[in-house]
Amino acid sequence: MGDRNGQAVAGGHGQGNRLDQLNNPSDVLIDKETNSLIICDSGNQRMVQWSRRSGTTQGEILIDNISCWGLAMDNQRYLYISDIEKHEVRRYQIGDKNGTIVAGGNDIDADLNQLSVPRYIFVDQQQTVYVSDTYNHRVMKWNKDAKEGIVIAGGQGEGNALTQLSYPRGLFVDTLGTIYVADWGNHQVMRWPEGAKQGTVIVGGNGQGEGANQFKAPVGLSFDRHGNLYVIDEYNYRVQRFSIK
């Protein structure tokens, strides 16, 4: 620790579609098995893999022609990718170009078997898929092999009541099934216990702003092993850390 300067480990050669370039990358994960980064290169509509070994100068295309946004990997190394144009989430084995639909894929709308611009995803150890169904203002849970999802947060239209969400983005689900979601349009992070009819605001919720207790469009979140919450504060151009009780 102590680095003040970052190091480019993928891209870094300007915006473009060459194999040594990226264009609006929207999500990334580390594949420990191959010691590589898997990146959703959304502006180029492709999934790419970059080795973390020193001397790597370009990536390899895993999947092409996909309007990817979010990605996740389960404990069996299946890759899950949300597609914001087909309004679906697919599961892929590494090397598979076609995948299997595991959520949505029935056109754009708000029925339980549909999604509307699904962005971020989370997958648990049972291969349950959680999706921030952004333009339906809800979080959906799709059990393995399910034909439709279950609304587990929001789903009451866009708004700022505790039963509502506004263009939800990043999400995390703990081992108790509690959902943490970046409530983008309401500039807050909410927590929804499993089975709850409404959530609670755990950080933000003090209007849009630049204060330490405010956000301008929180877009992503993550926890460390000490339980600290990290939030990407999109239009304040910062990442904030919170100690959550």
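Is arginine 46 buried or exposed? I opened my notebook with that one, keeping in mind that the model is predicted.

**Entry 1: arginine 46 and its partner.** I looked up the accessibility of arginine 46 and found 5% relative accessible area, so I wrote it down as buried, the cut-off being under 20%. Next I checked what its side chain meets, and noted a salt bridge to aspartate 41, with 2.7 Å from N to O. Aspartate 41 is buried too, at a relative accessible area of 0%.

**Entry 2: the count.** I then asked how many salt bridges the structure holds. My tally reads eight, and I picked out a few for these pages.

**Entry 3: aspartate 31 and arginine 77.** Here I found a salt bridge whose closest N and O atoms lie 2.6 Å apart. Which parts of the chain does the pair link? I traced aspartate 31 to strand β1, residues 25-31, and arginine 77 to the loop between β5 (68-73) and β6 (79-83). The two are 46 residues apart, so I noted the pair as a link between distant parts of the chain. On accessibility, aspartate 31 is buried at 2%, whereas arginine 77 is partly exposed at 26%.

**Entry 4: glutamate 210 and lysine 216.** My last stop was the salt bridge between glutamate 210 and lysine 216, where the closest N and O atoms are 3.4 Å apart. I looked up both ends: glutamate 210 is exposed, with 58% relative accessibility, and lysine 216 is partly exposed, with 21%. The cut-off for buried is under 20%, so lysine 216 stays in the partly exposed column of my notes.

Note on methods. Residues numbered from 1 in each chain as written. Predicted model: local features only at pLDDT ≥ 70, side-chain atom pairs only at ≥ 80, totals over all residues. Heavy atoms only, no water. Salt bridge = Lys/Arg side-chain N within 4 Å of Asp/Glu carboxyl O. Helix = DSSP H or I, 4+ residues; strand = E, 2+ residues; numbered from the N terminus. Buried < 20%, exposed > 50% of the residue type's maximum accessible area, 1.4 Å probe, protein only.
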